[in-house]
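User: I would like to go through this structure by asking what stands behind each label. Please set the values against the cut-offs as you answer.

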Amino acid sequence: MSRFSIRMGIGKSFWAVAAVFSVGSLFPAVAFAQDSDNETTEQDPRQPIIDDAEFDATIPPIDGDPEAAMGSVADWDTEQQRLEREARQEDVDDGVAALPALQDGDPVELIADPPVNDPEIDDPLTPIDSFDAEPFDESQYTEADDSSPASSLRYDYRIDGLEVLDESGRTQVRPISADDLRGLFEDLSALEDGDGRAANGAMVSARMREDQQLLSDILSGQGFFDATVNGAIELPATEGEVLTVVFQVSPGKRYDFGAIMFQAEPVIPDDLITSNFVPDIGEPIVAERVLAAEANIAVVLPQEGYPFVEIGQRDILLDPETGTGDYTLPIETGPRSSYGEIITTGTTVFDADHIAVLSRFEKGELYDSRMVDDLRKALVATGLFSIVSVKSSPSGEPGPDGTEYATINVDQEAGPARTLAGSAGYGTGQGFRVEGSWTHRNLFPPEGALIASAVAGTQEQGASLTFRRSNAGRRDRTVELGLSALHSDFEAYEAFTGRLAGRISYDSTPIWQKRLSYSYGFEILGTNEQDFNFATGARDRRTFYVAALPGQVTFDTTDSLLDPTEGFRLSAKLSPEASLGSGTQIYGRGLFEGTAYYRIDDGIILAGRARVGSIAGAERELIAPSRRYYAGGGGSVRGFGYQELGPKDIEDRPIGGRSLVEAAAEIRYRFGDYGVVGFVDAGQVYTSSTPGFDNLRYGVGLGGRFYTNFGPLRVDVATPINRQPGESRISVYVSIGQAF
């Protein structure tokens, strides 16, 4: 039996044929050793080139008396000159010309004079103009010269021996076939990435060695721990063919789990670890499943009261005889913990009390890492930090139910609290609109913001000042008070409006999307508006003073606020109002809306919307034009201009009504970060307080979506069905978020 730890794979011994490629040739010449029956004359490798006698003769004798005095430098120079004269004489006797050092009469030279028997030394150099040479033109050189087919080597590869996987890999859990393994190999292969071309043979050999190890790792990761992979290069038989890299694979047996054991202290509940380790005894030891199961334990235990768990290094004892492996995983669970005190450090933006308001847990509750992550996201969402972190540490203090308190450490660094923002848009019937704002998000701590904004457009101009406190005494509860002045000039009416409004809301957010949300408040406004008077046949201007108590309730089961794909959403808006201007009028406005979303297939969503509104208690003429119902536009019935649908005056301008009906259906298809939408909208406005559900107008169109991390960007193009005189043939709508 053998013991090892699965990390990146199991080391193997491989062999490979070494290939030496000649420069400028497409075909490699393989260098290898082989036996030969041909007679050759070879020197006996045991016979020395210089025998001992010759070697000893070249070594100067050592003075017999090591204590004798050393000779002088002058004596050494004299001896060297004698030896040099003897060597020259030997050269003369042998017919070798001497290299005289005294040709110029200088007896002391670093480099001797050239030999006198070489007459070419004294000849003048040949002029360079006599050579047939062309200057190099760098402008005619391109990188393509280095990548020509003649300078590259073409290759192919194949894997032999994987066919046995179709039998040995056929298991109920995580079966693996030859095609599956080839697919894994192709995703990571260096040879595959090279597209069959290499600069030279050394590059092919390097890729072969890399892929040889890759195949071994893939097989080990699938439980074939005895697998061997041998790589070789097959040379082309004829000119024009490519060389082939061949991997010969012997997978061996596939190992299964023989036992699964955990070295850990007892946990609550008892099966907390074992139930969250997915692999089971008898199934193949697949690295992907093992790593995923270990990661799952590391995630689940902090969600169940063990925030300080540490996963150790796995150990697997393989038994080649049975083909099983005994798996052991050490786990340091740490103390079972409950939430403790919140401690803040750094540049403090919020104190511990306000951070506790943002948290969705109470001291003493069983620790859940998801709630700690939620607190961190809520802090980031305030926009008041440049850096913020939330970490837990053991306190050592006993908590309820045998737990230990875990201290929640919040490290803060304040960021800029002021923001300048701007936006621009266009809608048919609304024209161009540019809006800008200045915000101080923490002018009245904690989270008391002051917002000054202005809007300028072809049909709207105005300014507003708003105080807003977020997370006011409760997570996601907002208190808001605003003052605004606005001039609106639409086809339906022109209005100069001053407004004072307040609202308290419990909001649903992308971080914490709630089933139930609500808002309530007050609204006081004075508005001078121009409307068509049927009695006089002209447009009159009147002043209205309106007080309202609007409220809204929403029930939401969808999976996203900005881009839902499943579930439904129901909302009801009610606003009892009193109006002064044409006598005292008491009436109520109600609007009910439902949307639903159904996933047909991956990336294909069917969405629908229905909306019904009614104003009861006053005649249409006695209600301010800006408080009536209208239909048409990007958020209503696409294909028509803003507020274009419904009853109209003799000048063919919309005058609004006391009830409306709207419906829409979309089919949405998403591919990556893009999407297309086909839609049909319908709607109508009626003069009575009870909608008639007749004379509906329809619009159809197509839209494009670009999906971002804050929601989709929407561009819709629509046209009306049975278009009437004065209606646009094409309407365009640009916005953020889906239409509904």
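Analyst: In this predicted model, residues 24 or more positions apart account for 59% of the contacts in the chain with a separation of 6 or more. The chain has 9 helices and 31 strands, and of its 740 residues 38% count as buried.

User: What makes tyrosine 587 count as buried, and which residues does it touch?

Analyst: Buried means under 20% relative accessible area, and tyrosine 587 has 3%, so the label applies. The residue is found in strand β25, which spans residues 585-601. Leaving aside residues up to four places away in sequence, tyrosine 587 touches Val546, Ser575, Pro576, Glu577, Ser579, Ile615, Ala616, Gly617, Ala618, Ile623 and Arg627. For one of these, alanine 618, the C-alpha atom is separated from that of tyrosine 587 by 5.7 Å, although the two are 31 residues apart along the chain.

User: Is serine 369 buried or exposed, and how do you know?

Analyst: Serine 369, found in helix α9, has a relative accessibility of 15%, which is under 20%, and therefore counts as buried. With residues up to four places away in sequence not counted, serine 369 touches Val299, Pro302 and Gln303.

User: Why is the pair of tyrosine 339 and phenylalanine 361 called stacked?

Analyst: A pair of aromatic rings is described by the distance of the centres and the angle of the planes. A search of the whole structure finds 19 aromatic pairs. For tyrosine 339 and phenylalanine 361 the ring centres are 4.0 Å apart, within the 6.5 Å cut-off, and the planes are at 15°, under 30 degrees, so the pair is stacked. Because tyrosine 339 lies in strand β12 (residues 337-346) and phenylalanine 361 in the loop between α8 (352-358) and α9 (369-381), the pair ties together parts that are 22 residues apart in sequence. Both tyrosine 339 and phenylalanine 361 are buried.

User: How do you know that the charged end of arginine 670 sits over the ring of tyrosine 707?

Analyst: The charged end of arginine 670 is 4.0 Å from the centre of the tyrosine 707 ring, and the distance cut-off is 6 Å; the label also requires a position within 35 degrees of the ring normal. The charged end of lysine 363 likewise sits over a ring, that of tyrosine 405, 5.0 Å from its centre.

User: What makes tyrosine 669 partly exposed, and which nonpolar patch includes it?

Analyst: At 38%, the relative accessible area of tyrosine 669 lies between 20% and 50%, so the residue is partly exposed; the value is also over the 30% asked of patch members. Tyrosine 669 lies in strand β27. The patch on the surface is formed by Tyr669, Phe671, Tyr674, Val676, Phe706, Phe710, Leu713 and Ile736, which together have about 760 Å² of accessible area. The elements giving two or more residues to this patch are β27 (659-671) and β28 (674-686).

Key: Residues numbered from 1 in each chain as written. Predicted model: local features only at pLDDT ≥ 70, side-chain atom pairs only at ≥ 80, totals over all residues. Heavy atoms only, no water. Patch = residues over 30% accessible without salt bridge, like charges linked within 9 Å, V, L, I, M, F, W, Y side chains within 5 Å. Areas by Shrake-Rupley, 256 points an atom, 1.4 Å probe, with all protein chains shown as cover. Salt bridge = Lys/Arg side-chain N within 4 Å of Asp/Glu carboxyl O. Helix = DSSP H or I, 4+ residues; strand = E, 2+ residues; numbered from the N terminus. Buried < 20%, exposed > 50% of the residue type's maximum accessible area, 1.4 Å probe, protein only. Phe/Tyr/Trp six-rings, centres within 6.5 Å; stacked < 30°, edge-to-face > 60°. Contact = heavy atoms within 4.5 Å.
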